[in-house]
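Hi,

Here is the structure I promised to pass on. Have a look at it first, and then read my notes on the aromatic rings below.

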Amino acid sequence: STDESGDIIDEYADKYDNFTAIHLPENSGGAGKPRNIGIEQASGKYLMFLDPDDSYAPDACQTLYDKISKEKVDMVFGTFSIDSKKKDKNLEYYEIKIDTIDEHKTFLKGSPTLWTRIYLREFILENNIRFPLIKAAQDSVFVAHTLLKAQGIIYINKVITNYTDYRVESVTNKKDVKTLCYRINAYSQIYE
């Protein structure tokens, strides 16, 4: 990172026993490598991922944790708000619980919102699910893989993440040939 985030992470790691700072010697160019290192280094029972320009709803972690720990499933996920415009009070709460993706294949058509999910870490490790080392859409590959392998999935119609979609420099918003090739690579991996 070129900003002060490394120092902020170090402050948290010094202050809290459950924080660990991991500094990579160089920028990998994509989120896949650091996320994979996080999976390997994590010691908790569950995994969550959040992009630096997004934020969780105030009760997101508790909501996801309560549901996955009570229901004993491999993953739980919710919905998102773009820049906090969608509010829970406007949503009708409901849940969809399935054993495998075969029961609700439309989950595969949804947005690959990695940052609205909580995973059982053991499920990720046992199935050797990792992010591909590509610069765009690696989260799409990861999410598709988890949906195909999961034994127990719950969707809750509740805002988990406030998504920021206006950053011009974001990989999501890049429309060049190189980024398109990365996306085609990711979609090929999903297809396989």
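What follows is a short tour of the ring contacts.

One thing to keep in mind: this is a predicted model.

There are 15 aromatic pairs in the structure. One of them is Tyr94 with Tyr155, a tilted pair with 6.1 Å between the ring centres and 55° between the planes. Tyr94 sits in the loop between strand S3 (75-82) and strand S4 (95-98), while Tyr155 belongs to strand S6 (residues 153-163), so this pair links parts that are 61 residues apart in sequence. As for solvent, Tyr94 is partly exposed, at 38% relative accessible area, whereas Tyr155 is buried, at 11%.

Another pair to look at is Trp115 and Tyr163. Their planes are at 10° and their ring centres 4.9 Å apart, so the pair counts as stacked; the cut-off for that is planes under 30 degrees apart. Trp115 comes from the loop between S4 and strand S5 (117-120) and Tyr163 from strand S6, so here the parts tied together are 48 residues apart in sequence. Both Trp115 and Tyr163 are buried.

Then there is a cluster: Phe49, Tyr119, Phe131 and Phe142 form one aromatic group. Phe131 also has a charged neighbour, with Arg35 lying over its face at 5.2 Å from the ring centre.

If you want a second case of a charge over a ring, go to Phe77: the charged end of Arg117 sits over that ring, 4.1 Å from its centre.

Cheers

How values were computed
Residues numbered from 1 in each chain as written. Predicted model: local features only at pLDDT ≥ 70, side-chain atom pairs only at ≥ 80, totals over all residues. Heavy atoms only, no water. Phe/Tyr/Trp six-rings, centres within 6.5 Å; stacked < 30°, edge-to-face > 60°. Helix = DSSP H or I, 4+ residues; strand = E, 2+ residues; numbered from the N terminus. Buried < 20%, exposed > 50% of the residue type's maximum accessible area, 1.4 Å probe, protein only. Lys NZ or Arg CZ within 6 Å of the ring centre and 35° of its normal.
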